[in-house]
Amino acid sequence: MIVPEKLILITSDIYSDSRADALESYINGNIFGYHIIKVQESQINSYAKVINNKILKYSIIYNVNTLPFYDKTFSLKVKRGIKKISHKKKSAGKYKQINNLVNRFNAKAIFCMNTSSLYSVIRAKEKFGFTSKIVFVPNSFTFDKSSTLLGADKYIVENVAFKESLARQGVDKNDIIVQKFPLKKTSFFEENEIECKAMFNLEGNTIMLNAGNLGSKKIIEVLHFLIEVKDRFNIVVYLGENEKLYEKLSKLKEKNTLTNVRLYTNINNFEKLFMASDLIVSVYDSNVFYLAKLYNKQLIVFEPSTDIEASDYDYLQKNNDLIYCKDAEGVVTKIFRLMDSKNNGNMQNVEELKTSTVSFANCLIDLIGKVD
């Protein structure tokens with residue numbers, strides 16, 4: 001029996017990332033001899049807690065996204081023994097925890113899905129000298145010298161222009177895979193669109209307003225325009241972790257008796273809510289860009305906050321991956337046009353991406369190495 005090589009995949013605590021789910025599923029399902037262990041940044045400590053310079057040996061749970069900060073197998077005595085430390089020591093401790101995580105699994109490679117995790121892993125490797133390869137999967141679509149960190153061993157980027165930009169910065173082209181997301185995968189769940197609509201009790205056309213995981217207030221102006229036509233379609237508003245914004249909009253909903261408006265904060269079945277919607281309006285959110293491709297949804301975006309967001313919008317619009325409107329009024333005008341087209345049977349679908357799973361598997365093996 002061959003024991004699979006371990007690959008660690010580190011994801012953000014704040015931002016959900018379906019690319020990470022797809023990459024985990026893809027590697028575990030298509031690349032023989034490897035197994036992904038997915039860990040959120042704050043949960044690294046659950047796997048690699050050090051007390052008296054010894055790694056605690058507890059049972060391994062491969063997907064810890066639903067676990068609390070500490071595994072239930074940790075004793076109360078251990079929890080009580082953890083002391084408060086300074087910010088500087090916390091940073092140093094984090095690098096040591098990453099080193100412990102790598103050593104615990106003897107990881108062949110570490111996949112970083114955002115710049116914060118990449119920075120921490122690079123620093124940990126510099127400090128402790130582990131040999132695991134660092135693979136960076138940027139969550140942007142265009143290169144930005146102020147936010148795209150260098151220092152990874154390998155890169156997986158979304159397009160050739162990004163690869164060329166990295167090459168101009170001195171990265172070997174042989175260390176870069178161009179992989180248009182999404183990976184070849186139809187869904188992360190079994191329910192279809194009709195079943196997802198029934199799950200949320202959504203009858204008829206549904207517009208989803210995505211304020212992102214932090215709950216951007218930009219989405220409120222769009223909502224104010226839409227509530228003028230109360231019964232034309234359902235409106236679901238996703239507010240992430242912004243409880244104050246949720247309370248504010250709840251009062252607005254109650255005041256105007258908006259029976260067609262649903263408000264959601266963080267939910268486990270976000271992707272099913274996404275599938276249940278006919279049209280998505282979103283602030284900048286790379287995870288939503290990915291899901292729109294994956295589930296063949298029309299996507300409208302507006303008001304970039306940074307130069308890199310504007311650059312990504314420009315790239316994605318040129319590739320027909322989204323529709324960009326400059327302001328909320330333009331968004332609402334486009335919503336009515338698209339929904340009228342849908343009801344008349346003329347709404348164009350986003351072109352399905354065709355990914356060669358065989359070629360991508362071969363490229364990944366070239367990056368991380370064959371099983372010894």
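Asn 242 is buried, with a relative accessible area of 16%, where buried means under 20% relative accessible area, exposed means over 50%, and partly exposed means in between (1.4 Å probe, protein chains only). This is a predicted model, in which local features need pLDDT of at least 70 and side-chain atom pairs count only at pLDDT 80 or more, while totals for chains, interfaces and linings use all residues. Residues are numbered from 1 along each chain as its sequence is written, and side-chain values use heavy atoms, with hydrogens and water left out.

Asn 242 sits in the loop between S10 and helix H9 (243–255); here helices (H or I, at least four residues) and strands (E, at least two) are DSSP runs, numbered from the N terminus. Another loop, the one between strand S12 (279–282) and helix H11 (286–294), holds Asp 285, which counts as buried at 10% relative accessibility. The C-alpha atoms of Asp 285 and Asn 213 are separated by 8.6 Å, although these residues are 72 residues apart along the chain.

We can now turn to the charged side chains. A salt bridge is a side-chain nitrogen of Lys or Arg within 4 Å of a carboxyl oxygen of Asp or Glu, and by this rule the count comes to 14 salt bridges. One of them joins the side chains of Asp 17 and Arg 19 at 2.6 Å, N to O; Asp 17 counts as buried at 16% relative accessibility, and Arg 19 is buried as well, with a relative accessible area of 5%.

Glu 24 and Lys 38 also meet through their side chains in a salt bridge, at 3.2 Å from N to O. This pair links distant parts of the chain, since Glu 24 belongs to helix H1 (residues 18–30) and Lys 38 to strand S2 (residues 34–40), 14 residues apart. Both Glu 24 and Lys 38 are buried, and together with Asp 21 they are linked in a network of salt bridges.

What ties Arg 232 to Asp 340? The two form a salt bridge whose closest N and O atoms are 2.6 Å apart. Arg 232 lies in the loop between helix H8 (219–226) and strand S10 (234–238), and Asp 340 lies in helix H13 (residues 328–343), so the pair ties together parts that are 108 residues apart in sequence. Arg 232 counts as partly exposed at 42% relative accessibility, and Asp 340 counts as partly exposed at 33%.

Some positions on the outside of the model also deserve a look. Asn 106 is found in the loop between helix H4 (87–105) and strand S5 (109–112), and this residue is exposed, with a relative accessible area of 60%. Its phi is near 50°, a positive value in a residue other than glycine. Most residues other than glycine have a negative phi. Asn 201, in the loop between helix H7 (193–199) and strand S9 (206–210), likewise has a positive phi, near 55°, in a residue other than glycine, and Asn 201 is exposed, with a relative accessible area of 52%.
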